[in-house]
Amino acid sequence: MQSNYYAMTEFMESYYWATKDDSLGDILGSLNMWRNDDDTLFDKAISDDWEKFYDDISQQDHTLFEGFLVVEQFVNEYLADYEYSTELARNLTYTIRKICSMSVIERQSNPVWLNWLEAVKWVCNPDVVKVNESPFMTSKRKDATMAHKKEFPVAKVMPSIRPVIFDQSDGLQITQNQNYFMMISFLDQYFQSTNNPDLKVILTEFTPGKRTISQLDNWSNWNDYFIGVAHNEDTVNSVQALAVVCQFMQVWVPDNALHTFFGRKLTQDIWNVIYMKNEARKQTRIWKNWTLSVKKILGV
């Protein structure tokens with residue numbers, strides 16, 4: 001488990017030192033390598049999450065691919081493909097997710113996968129001395145300690161740019177408030193047939209009831225997701241509206257072991273659908289259910 005964790009940290013560092021990316025810098029600052037006397041990370045929340053992600057894949061030693069699946073769960077929780085992450089971080093998360101669904105032959109030539117192999121190889125190298133220091137320390141002690149550590153190479157190839165979300169240009173003009181109630185209607189469809197606890201939390205937290213939607217605790221976040229997708233326009237079309245929902249779901253029900261299988265799968269399916277081309281998207285159950293909610297709120 002520890003080797004998998006170290007490999008992920010070095011994997012992330014290789015992209016950070018190539019770009020000094022803010023999102024990667026933030027997460028690496030949290031992946032603190034200082035350790036307690038009992039050899040556990042000081043940040044217990046991250047340590048506990050990591051253990052759940054690791055055990056969800058297998059409680060035995062992992063293969064290279066299984067180790068990468070743990071990394072995918074981690075980035076889904078801490079480096080989501082949404083508005084608050086940098087472009088590089090979103091591209092990296094996108095590529096990690098895509099690699100996890102590739103065939104062995106497809107992923108063998110992917111630069112991000114090859115960089116993961118290098119990180120694992122580096123951590124397993126007997127000549128590498130693992131140090132219990134944060135890579136972001138600025139003290140002289142850091143320089144002295146890191147001198148015993150064979151430096152991991154900086155990534156030379158950045159992850160591919162995420163594809164543009166294909167816009168079906170349906171001519172609909174959906175306001176921010178309408179988009180919100182479409183999401184509530186859409187998720188309620190699934191909740192009524194599954195009684196899923198992840199969806200129950202969302203519907204309980206976000207159904208306004210006697211409050212106006214602007215009084216909801218996380219309305220400002222929803223506002224940011226909408227503005228990011230709308231590019232400062234006042235309205236979006238139905239594809240863009242689902243993209244706003246996608247960002248929301250990645251924050252509230254990311255695809256990892258902290259959530260139910262159904263909730264994880266729903267978030268994953270929404271994310272896949274928004275990156276599909278129009279014709280492929282129209283064939284999916286997600287899109288058909290989303291269209292029903294759009295028509296219900298718009299009254300068409």
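In what follows, Ala, Val, Leu, Ile, Met, Phe, Trp, Tyr, Cys and Pro count as nonpolar, Asp, Glu, Lys and Arg as charged, and the others, Gly among them, as polar. The model is predicted, and local features need pLDDT of at least 70, side-chain atom pairs count only at pLDDT 80 or more, while totals for chains, interfaces and linings use all residues. Residues are numbered from 1 along each chain as its sequence is written, and side-chain values use heavy atoms, with hydrogens and water left out.

**Exercise 1. Describe the largest pocket and the residues that line it.**

Begin with the term: on a 1 Å grid over the protein atoms alone, a pocket is an open set of points where a 1.4 Å probe fits, with protein on both sides within 12 Å along at least five of seven lines, and lining residues have an atom within 4 Å of a point. The volume, which is the space filled by probe spheres set on the points, with grid points joined across faces, edges and corners, is about 430 Å³ for the largest pocket. Of the 20 residues in its lining, Arg90, Arg162, Ile165, Val229 and His231 are the closest to the centre.

Next, look at the helices (DSSP runs of H or I with at least four residues, numbered from the N terminus). Helix H5 (87-100), helix H11 (219-230) and helix H12 (238-252) each supply at least two residues of this lining, and H12 gives the most, with five. Sorted by class, the lining of the largest pocket holds nine nonpolar, five polar and six charged residues.

**Exercise 2. Work out how H10 is set against H12, and which residues make the contact.**

Two packed helices are described by the angle between their axes and the distance between the axes. The axes are lines fitted to C-alpha atoms over the stretch in contact, and angles run from 0 to 180 degrees between N-to-C directions. For helix H10 (residues 197-206) and H12, the axes come within 11 Å and cross at roughly 115°. H10 is therefore roughly perpendicular to H12, given that angles under 35 degrees count as roughly parallel, over 145 as roughly antiparallel, 65 to 115 as roughly perpendicular and the rest as oblique.

The contact (heavy atoms within 4.5 Å) is made by Leu199, Val201, Ile202 and Phe206 of H10 and by Phe248, Met249 and Trp252 of H12. By class, these are seven nonpolar residues, with no polar and no charged ones.

**Exercise 3. Is H9 perpendicular or oblique to H15?**

The axes of helix H9 (residues 176-194) and helix H15 (residues 285-298) come within 9 Å and cross at roughly 130°, which means that H9 is oblique to H15. Among the residues of H9 in the contact are Phe181, Met182 and Phe186, and those of H15 include Trp290, Leu292 and Ile297. The residues of this contact divide into eleven nonpolar, six polar and two charged.
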